[in-house]
Amino acid sequence: MADSAPNSADHPPQADQTLDARRLLCPLPILRAEQSLRSLPPGAILAILASDPGIQQDLPAWCQINGHALLALQPQGREWIGWVKKGG
Amino acid sequence: MDNHHTPISALGLLSGGLDSMLAARLLMDQGIHVECVNFHTGFCIQSHTSAIRNPEPGAKPPRHDALHAAQLLGIKLHMVDIAEDYVRIVTDPKHGYGSNLNPCLDCKIFMVRKAWQLKEELGMHFLFTGEVLGQRPMSQRRENLPHIEREAGVEGWLLRPLCAAKLKATEPEKRGWVDRARLKGFHGRGRRAQMELAQQLGLHDYPSPAGGCCFLTDENYSRKLQDLWHSRSERRYTMDDILLLKAGRHLRPAAHFKVIIGRDETENNFLSGFREQRWLLQAQGIPGPVLLVEGTPNEEDLTLACRLTARFGQGRHADVVTIRISHDHQEQLRQVAPLPASAIPDSWYI
């Protein structure tokens, strides 16, 4: 399983899977992330690319209520990338 | 499910608005284990408008109300995508539409039925909603409430904590799972009682009750959807269709094609994501909108679309503007004179 320690822009977490949710409006990036996580084991890391600015508030909320860890969430130009470690 | 050794649990339909939050809290305060479900239909207004348009200076990023409400309440939220199944509710509602293309009764019945299925899968005891008697003209009328339960197949098992005192007792109340005396008898369109209860319960961060939650209740949106159906001679839509109806100015110069014009940079970017199977136009070297053409335009139509692109950009007073047309992975340039405002009839605006 990927190591999740460093979270800075220079050392992003190593993702086990990447989800391209750009162009999708919330809550679709979250719904797609939920689908992607289903096939991953606890502890796995999912990277989520999104263009809807709602991801800045929705991803932390979703992680909190579902027991996932949000390792980092960073802007990339007009888009965002978030790394989520699946909870147990 | 009569086993009293199992903690009583309830599944609620959570829009993220104040009413559904209050309903959840009233049950949680009785020691009931509450989880909620939120359905994605594709028509949810939520934060879409602000996600598509340039943000106001200093504005917070948009957020999904139900997620935020679940976070505040500290409960599990099941987010379920019903957009595909929802098409038949929108295109062929058994109980008809409200004042626009909102099939509120059919929608409520459909969601309650779906929620019941999930409740069964989760092994929970009953369903609840944040409905208030008489608050909404279609789905919350007294005569419609029993009808919704009956048609959804959940008669007696749908509790409405905010107005339960004004309704017949439900099974959870009759079985002593829920103390009816601690439920409310709210009714009507006023919001004061709910806001006072929110204050008492310490709920402060909830969305403004003014806005609707569904684009189908919006007159402008409904007109654009109606136009789409009319142009196709049938009631059908794709997810891309309903997203595009949320963005830009829509003009239909002729029955066989229409144009969508971005109104700011964020909207231009949004529209650019939908270029597949459409024509994407933008002025060369002059700031201006992205314009998408949908339908079956001929060369003359594309020239008109170019002139419209020039008209809505900063080159509107120039003699000639060069427009780049992208379609099917190919590009061409066309030089046109901007269309004068007087040549755009009001009837083109959808």
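**The nonpolar cores of chain B**

Reply: The largest nonpolar core has 75 residues, and those with the most contacts inside it are B:A10, B:L14, B:L27, B:V112 and B:L127. A nonpolar core here is a set of buried Ala, Val, Leu, Ile, Met, Phe, Trp, Tyr and Cys residues joined through C-beta atoms within 7 Å. Buried means 20 or more other C-beta atoms within 10 Å of the residue's own; exposed means 12 or fewer, partly exposed in between, with C-beta atoms placed from the backbone. Helix α5 (residues 104-122) of chain B gives the most to this core, with eight residues. Helices (H or I, at least four residues) and strands (E, at least two) are DSSP runs, numbered from the N terminus.

This is a predicted model: local features need pLDDT of at least 70, side-chain atom pairs count only at pLDDT 80 or more, and totals for chains, interfaces and linings use all residues. Residues are numbered from 1 along each chain as its sequence is written, while chains are lettered from A and ligands numbered from 1 in the order in which they are written.

Now B:L27. Leaving out residues up to four places away in sequence, B:L27 touches B:A10, B:I32, B:V34, B:F128, B:P161 and B:V178. Touching means C-beta atoms, placed from the backbone, within 7 Å. A second, separate core has 40 residues, including B:I260, B:A305, B:I323 and B:V336.

Last, B:L304. It sits in helix α12 (residues 299-311) of chain B. B:L304 counts as buried because 20 other C-beta atoms lie within 10 Å. B:A337 is 33 residues away from B:L304 in sequence and 9.7 Å away in space, C-alpha to C-alpha.

Definitions and conventions:
Contact = placed C-beta atoms within 7 Å.
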